[in-house]
Amino acid sequence: MKSVIFIPARYASSRYPGKPLVELTGADGVKKSLIQRSWEAAKAVDGVDAVYVLTDDDRIRDASLAFGADVLMTSSEARNGTERCAEGLAQLDDQPDVVVNLQGDAPLTPAWFVEDLLTAVAADEEVQMATPVLRCDKETLTNFVTDRLNSRVGGTTAAIRPDGKALYFSKEVLPYVGSLDNPPEVWHHVGVYAYRPKALAAYGSWPEGPLEKAEGLEQLRFLENGWPITCVPVEGRGRVFWELNNPIDVERIEAVLKQEGLS
């Protein structure tokens, strides 16, 4: 199964403009941009044929080329990473069997998250779109609840059917957490997607739906159009996973880099 990883990145983020070029200090004291750390996370995945940064911004392109990434330029009309991935796919002469979207704000994504995702897609030809989910530990759940209490949009949670298909995704904490001392099971949605080319082609033909627009979550377009999303549970193995959504997350991610000894 031939697979490629696309890392969509845009400069004009509404919540955090210029986010891909924000520098994060590793355990060795060296600063690297968010996009470089996300690219390094993608390059660590085994069994992938190619990794590309996708952007419409010259600053991100130049920075990515400087640290050795392959770059595909996409249009400024792409409204989200999935649309940008569809544009990137159209530029490849040799079409892959699976496209992985590893978002450019997820430098703490362990390689095994993506490897487990690809394994799940390869095992079932009926799966058109899949995404990893991670059972929240207490630290992550506390961050979720703290962000919402302070009116910050942090990570995303997933509500999952018994058959492993997604019921819903939200930037709210689902289900409701009445107490952090005895919380319900909460699944953290990991910002990685695997699509078959057919799914990417279909996605581009649909308009933005009301739930996608309200939540700002691109994957909801699949659910709103009746396409199932397979949720693949992954194990943290002691690694804290967190995305860079707000300026406060820089400190959180740098703390994990130091704790894990990640350069």
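Ala, Val, Leu, Ile, Met, Phe, Trp, Tyr, Cys and Pro are counted here as nonpolar, Asp, Glu, Lys and Arg as charged, and the others, Gly among them, as polar. The structure is a predicted model, in which local features need pLDDT of at least 70, side-chain atom pairs count only at pLDDT 80 or more, and totals for chains, interfaces and linings use all residues. Residues are numbered from 1 along each chain as its sequence is written, and side-chain values use heavy atoms, with hydrogens and water left out.

The second largest pocket holds about 220 Å³ of space. A pocket is an open set of points on a 1 Å grid over the protein atoms alone, where a 1.4 Å probe fits, with protein on both sides within 12 Å along at least five of seven lines; lining residues have an atom within 4 Å of a point. Grid points are joined across faces, edges and corners, and the volume is the space filled by probe spheres set on the points. The lining comprises eight nonpolar, two polar and three charged residues. Of its 13 residues, Arg-37, Ala-41, Pro-107, Arg-239 and Leu-262 lie nearest the centre. Helix 1 (residues 34–43) gives the most to this lining, with three residues. Helices (H or I, at least four residues) and strands (E, at least two) are DSSP runs, numbered from the N terminus.

The largest nonpolar core has 52 residues. Such a core is a set of buried Ala, Val, Leu, Ile, Met, Phe, Trp, Tyr and Cys residues joined through side-chain atoms within 4.5 Å. Buried means under 20% relative accessible area, exposed over 50%, and partly exposed in between (1.4 Å probe, protein chains only). Ile-5 and Val-114 have the most contacts inside this core. Its largest share, seven residues, comes from helix 4 (residues 111–122). Beyond four places in sequence, Val-114 is in contact (heavy atoms within 4.5 Å) with residues including Ile-5, Val-100 and Val-192. A second, separate core of 28 residues includes Val-4, Leu-89, Leu-220 and Phe-222.

Strand 11 (residues 192–195) is covered on both faces. Val-192 and Ala-194 are buried on one side, Tyr-193 and Tyr-195 on the other. Strand 6 (residues 98–102) pairs with strand 11 in the antiparallel sense over four bridges; pairing requires at least two bridges found by DSSP. Val-100 has Ala-194 as its bridge partner. Strand 7 (residues 129–135) is also antiparallel to strand 11, joined by two bridges. Here Met-129 stands opposite Tyr-195.

Val-173 lies in the loop between strand 9 (166–170) and strand 10 (187–189). Val-173 is buried, with a relative accessible area of 14%.
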